[in-house]
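User: I would like to learn how to read the features of a structure step by step, with the general idea given ahead of each case. Could we go through one together?

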Amino acid sequence: MAATQYVTKPHPCITIPATAVLQYTGTYTPSAPVFPNTLPYHANIQAAEDFLARLRSLASKEHPVSVPQKIDHPMFVVVSEKEIACPNSSCESMDGNRLSSAMNNLTFQNPTTDILLAYYWNISGVYTTDFADFPEVFFNFTSDDLSDNFTTPAVGTKVRMFKYNETVEIVFQDSNVLDGAQNHPMHMHGYSFYVVGSGIGNFNNETNPKSYNLIDPPELNTVRVPKDGWVTVRFRASNPGVWMWHCHMNRHLTWGMNTAFMVQNGGTPETSILEPPSSMPSCKNSFVNYIQEFKDSIVLQPIQARSKVNSLS
């Protein structure tokens with residue numbers, strides 16, 4: 001076995017692979033190991049895509065799969081780098097503006113009131129439920145020469161609501177806005193999902209679904225959106241509550257590449273969100289939140305906030 005790091009941009013320190021010889025127990029005669037003559041370049045995007053596309057679920061009686069075949073709620077989410085204008089170009093960043101990240105052109109603003117708390121107790125003014133299912137504009141997301149018209153996001157605390165037991169399909173599409181195309185490890189709290197397809201380039205809604213694996217796809221809770229590519233996941237919204245979707249790169253998370261999905265209650269106590277436990281302590285002191293606020297100052301300061309529940313962890 002030979003393995004090396006995979007990065008989307010060449011790195012001079014990644015030159016020597018790690019190797020090992022694995023020998024399994026059992027009644028067989030192992031052959032002499034043969035080291036491969038060539039290994040994929042550590043920044044070979046297509047080689048990484050081909051390898052990951054071979055992953056499968058066991059799909060057995062002991063390990064069954066249940067891939068949604070009919071979709072109630074389709075979504076197409078573009079992940080990208082952005083920049084937020086600073087007054088008089090006063091920020092110490094690109095073009096005097098502040099860098100951010102976005103999903104469907106929304107840079108998520110972390111609220112000071114907990115979203116789960118607001119949802120459970122019906123507190124208004126904390127969030128809105130209009131996170132876009134599709135981008136406002138479709139363009140050549142992977143172009144090397146994108147217009148500056150695509151660089152400025154909206155900023156807000158927008159979430160997406162699902163009905164209980166809805167089947168959901170999300171196509172995540174990487175983009176090269178601000179020359180920022182790269183792998184994005186997207187993680188969902190509260191759920192696992194089936195990765196039914198992926199590819200390099202812009203997603204084609206007529207041809208790419210024909211290659212979906214709906215028989216034995218891998219079931220994960222984190223999936224990479226390939227650089228200059230797309231990935232499709234499916235799941236059934238059967239776990240009521242408030243669940244965070246976010247890029248697992250800390251910089252992108254703190255820059256706003258995240259949102260929350262809300263799943264409504266079903267018709268029974270067993271399919272409804274649990275009440276807060278009586279033993280849950282309240283937060284008497286402020287906690288420090290380093291998720292960046294987008295203010296005029298170029299200095300990042302901890303945001304002091306108060307909350308009884310940390311819903312999105």
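**Reading the features**

Analyst: We can begin with Tyr28, which is placed in the loop between β2 (18-19) and α1 (45-52); helices (H or I, at least four residues) and strands (E, at least two) are DSSP runs, numbered from the N terminus. The model is a predicted one, in which local features need pLDDT of at least 70 and side-chain atom pairs count only at pLDDT 80 or more, while totals for chains, interfaces and linings use all residues. Residues are numbered from 1 along each chain as its sequence is written, and side-chain values use heavy atoms, with hydrogens and water left out.

User: Is Tyr28 buried or exposed, or does it lie in between?

Analyst: Buried means under 20% relative accessible area, exposed over 50%, and partly exposed in between (1.4 Å probe, protein chains only). With a relative accessible area of 38%, Tyr28 is partly exposed.

User: In what order do the five strands of the open sheet run?

Analyst: Strands of a sheet pair through backbone hydrogen bonds, either parallel or antiparallel. Two strands count as paired if DSSP finds at least two bridges between them. In this open sheet the order is β7-β15-β14-β9-β12, with mixed pairing. Its edge strands, each pairing on one side only, are β7 (160-162) and β12. Neighbouring strands are turned by 20 degrees against each other on average, direction ignored, where axes are lines fitted to C-alpha atoms, for helices over the stretch in contact, and angles run from 0 to 180 degrees between N-to-C directions.

User: How many bridges join β9 to β14, and which residue stands opposite His187?

Analyst: Three bridges join β9 to β14 (residues 241-247), and the two strands run antiparallel; His187 stands opposite His246 in β14. β9 also pairs with β12 (residues 222-225), in the antiparallel sense over four bridges, and there Pro185 has Arg224 as its bridge partner. Because four of the five residues of β9 (residues 184-188) are buried, this strand is largely enclosed by the rest of the structure. β14 is mostly covered too, with six of its seven residues buried, and it pairs with β15 (residues 258-263) in the antiparallel sense over six bridges. Within that pairing Val242 stands opposite Met262, and Trp243 has Phe261 as its bridge partner.

User: How many aromatic pairs does a search of the whole structure find?

Analyst: A pair of aromatic rings is described by the distance of the centres and the angle of the planes. Rings of Phe, Tyr and Trp (its six-membered ring) pair if their centres lie within 6.5 Å, and planes under 30 degrees apart count as stacked, over 60 as edge-to-face and the rest as tilted. The search finds 15 aromatic pairs. In one of them, Phe76 and Phe203 have ring centres 6.1 Å apart and planes at 50 degrees, so the pair is tilted. Phe76 lies in β3 (residues 73-84) and Phe203 in the loop between β10 (193-200) and β11 (219-220), so the pair ties together parts that are 127 residues apart in sequence. Both Phe76 and Phe203 are buried. Ring pairs also link Phe162, Phe172, Tyr191, Phe193, Phe235, Trp243, Trp245 and Phe261 into a cluster.

User: How many salt bridges does a search of the whole structure find?

Analyst: Side chains of opposite charge can pair when their charged atoms come close. A salt bridge is a side-chain nitrogen of Lys or Arg within 4 Å of a carboxyl oxygen of Asp or Glu. The search finds six. In one of them the side chains of Arg56 and Asp216 meet at 3.5 Å, N to O. That pair links distant parts of the chain, with Arg56 in the loop between α1 and β3 and Asp216 in the loop between β10 and β11, 160 residues apart. Arg56 is partly exposed, with a relative accessible area of 47%.
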